[in-house]
Amino acid sequence: MGALSTTSTTTTATTAGEAARRARDCFSPQQRQWLGALREDLHRHPELSLHEQRTADRLERALRELGAADVRRIAGTGVVARIPGRSREVLPPVAVRGDIDALPIQEETGLAYASEVAGVMHACGHDVHASWAVGAAMLLLQEPACGDVLVVLQPAEEIGTGALEVLRSGALDDVAAIFGAHVDRRWEVGQVVVQEGPLAAATDEFDVVLTGGGGHGARPHLTRDPIVAGAALVQALQTLVSRRVDPGEPAVVTVGSFQGGAAANVIPERVELRGTLRSCSPLVRQQLIDELRQLSQDVARAHRVDAEVRLHGGTPPIVNPAPATGWARVAATRLLGAQALVPMPEVNMGGEDFAFYLERTAGCFVRVGAREPGGEVIGAHTPRFHADLGALWVGSALLAETAREASRALSSPGSDG
Ligand code: NI
């Protein structure tokens with residue numbers, strides 16, 4: 001069982017390349033070929049959120065080929081496999097999650113295994129996330145954790161609903177901790193961010209509909225003008241971050257759409273604003289929602305129009321908790337060496353539906369470097385985004401080792417086991 005046992009020595013990796021090699025060496029050449037082929041196959045055949053039928057079939061087949069006995073479909077196009085632990089006691093299971101859906105983007109990577117589906121691509125690396133969950137299953141079948149590990153392949157992350165569907169399926173009801181990760185080309189393969197505290201933002205979309213009384217553009221005094229009220233509201237909303245939220249707390253209010261009116265000389269009946277709220281703590285999230293409602297009503301009243309505010313429940317923030325983040329750090333240090341752990345330089349205001357799991361259970365979300373040495377930083381959700389293959393070994397080995405460490409800690413609290 002090769003390299004995972006060698007990684008439990010205290011040798012420290014000195015470079016990202018050394019850490020990447022240590023992760024890669026957890027797999028035999030045959031295993032790497034098999035897992036790399038799975039990744040390329042998923043990448044060639046991307047499917048949009050809630051349509052991951054072929055992807056789920058392929059992943060289910062891969063898990064069965066590995067010898068996982070307990071594999072089933074959940075939440076439509078999700079798959080869960082239960083990898084038995086080595087203890088004969090009944091211990092709380094831990095889970096590792098990989099998301100599986102793609103995006104409506106035309107691929108321009110020029111990769112040999114580029115998308116064969118026009119207008120759809122794995123531009124967020126979920127081909128790698130799905131494959132590294134399978135890779136973790138492979139390693140856990142080889143060297144099991146104390147307790148059982150559930151390997152969860154989750155659909156529909158990009159539309160923010162998949163995690164909730166997985167939770168509703170009941171498949172994770174008895175899970176004591178869950179771990180997940182995301183590829184990130186800001187870091188080289190072999191570097192990982194495993195840290196406590198805020199990692200991804202809460203994302204809440206909103207609409208505000210302002211309804212007044214329309215009329216002739218030449219006679220505004222006979223109307224209640226929602227355009228002027230809307231303009232005032234866009235300005236006023238900027239004060240939520242600058243004057244209401246604690247300056248030490250990251251927050252964003254963006255109005256991305258302002259629709260109203262059709263002619264230069266007609267005052268319309270209604271105007272619709274649409275925007276997004278971002279925050280990194282549950283308290284600030286609620287504050288932004290409350291203040292948005294209040295301010296919209298107050299500005300509307302000042303302009304004698306009516307405001308209707310609609311919030312579309314988004315994802316909560318990811319705030320990695322202790323002690324589960326500590327378990328992931330122990331695993332990452334043992335596997336990759338202490339120097340592989342790098343800090344997040346700034347708060348990420350993007351969202352991630354893994355946050356729904358962390359509302360219910362302990363766990364940690366990790367960022368895994370995915371840039372080849374000397375490569376370019378390319379943002380996710382763009383046509384040229386791709387993750388280097390090395391990230392697949394790091395993610396697989398890290399999730400497997402983290403599951404082992406968490407299972408050990410949960411089965412013998414307070415011991416070094
Ligand atoms: Ni993603």
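User: Why does Cys124 count as buried in this model?
Analyst: Cys124 has a relative accessibility of 7%, and the label buried applies under 20%. So Cys124 gets the label buried. Bear in mind that this is a predicted model.

User: What makes Cys124 a donor of the nickel ion?
Analyst: Its SG atom does. The cut-off for a donor here is 2.8 Å from the metal, and the protein donors lie 2.2 to 2.3 Å from the nickel ion. Cys124 (SG) is listed with His126 (NE2) and His182 (NE2). Along the chain, the donors follow the spacing C-x1-H-x55-H. As for burial, His126 is buried, and so is Cys124.

User: How do you know that the span of helix 5 agrees with its number of residues?
Analyst: Helix 5 covers residues 126-142, which is 17 residues. At 1.5 Å a residue that should span 24 Å, and the end C-alpha atoms are 24 Å apart, so the two agree.

User: And why is helix 5 called largely enclosed?
Analyst: Go by the burial of its residues: 15 of the 17 are buried, so the rest of the structure largely encloses helix 5.

User: What about helix 11: how does its reach compare with the expected value, and how many of its residues are buried?
Analyst: Helix 11 runs over residues 390-411, 22 residues in total, and reaches 32 Å from its first C-alpha to its last. That is close to the 32 Å expected at 1.5 Å a residue. On burial, 20 of the 22 residues are buried, so helix 11 is largely enclosed by the rest of the structure too.

User: Back to cysteines. How do you know that the sulfur of Cys280 is too far from another cysteine sulfur for a bond?
Analyst: The closest cysteine sulfur is in Cys364, 16 Å away. A disulfide needs the sulfur atoms within 2.5 Å, so Cys280 is too far away for a bond. The disulfide count for this structure comes to zero. Cys280 also counts as buried, because its relative accessibility is 4%.

User: Why is Thr223 called buried, and where is it found?
Analyst: Thr223 has a relative accessible area of 13%, and the cut-off is under 20%, so Thr223 is buried. It is found in the loop between strand 9 (215-216) and helix 7 (226-244). Leaving aside neighbours within four places in sequence, Thr223 is in contact with Gly213, Gly214, Gly215, His216 and Ile267. Its side chain also reaches the backbone oxygen of Pro220 at 2.8 Å.

User: What makes the pair Ser257 and Gln259 a polar contact?
Analyst: The distance between their side chains is 3.4 Å, and a polar contact takes N or O atoms within 3.5 Å. Ser257 is placed in strand 10 (residues 251-260). Not counting residues up to four places away in sequence, Ser257 touches Glu272, Leu273 and Arg274. It has a relative accessible area of 16%, so it is buried.

User: How do you know that Ser296 is buried?
Analyst: Its relative accessible area is 0%, and buried means under 20%, so Ser296 is buried. This residue is in helix 8 (residues 282-302). A polar atom of the Ser296 side chain lies 2.7 Å from the backbone oxygen of Leu292. With neighbours within four places in sequence left aside, its contacts are Val208, Leu233, Ala307 and Val309.

User: What makes the peptide bond from Ala322 to Pro323 cis?
Analyst: Its omega is near 0 degrees. Pro323 lies in the loop between strand 14 (318-320) and helix 9 (324-336).

User: Which domains does the assignment give?
Analyst: Domain 1 (2-198 + 318-411) and domain 2 (202-312). Six residues from domain 1 and seven residues from domain 2 take part in the contact.

How values were computed
Residues are numbered from 1 along each chain as its sequence is written. This is a predicted model: local features need pLDDT of at least 70, side-chain atom pairs count only at pLDDT 80 or more; totals for chains, interfaces and linings use all residues. Side-chain values use heavy atoms; hydrogens and water are left out. Helices (H or I, at least four residues) and strands (E, at least two) are DSSP runs, numbered from the N terminus. The expected span of a helix is 1.5 Å times one less than its number of residues. Buried means under 20% relative accessible area, exposed over 50%, partly exposed in between (1.4 Å probe, protein chains only). Donors are N, O and S atoms within 2.8 Å of the metal (3.2 Å for Na, K and Ca); water is not among the atoms, so sites may look incomplete. A polar contact is a pair of N or O atoms within 3.5 Å; within protein, one must be able to donate a hydrogen and the other to accept it, and residues adjacent in sequence count only if both atoms are side-chain atoms. Contact means heavy atoms within 4.5 Å. Domain bounds come from an automatic or database domain assignment.
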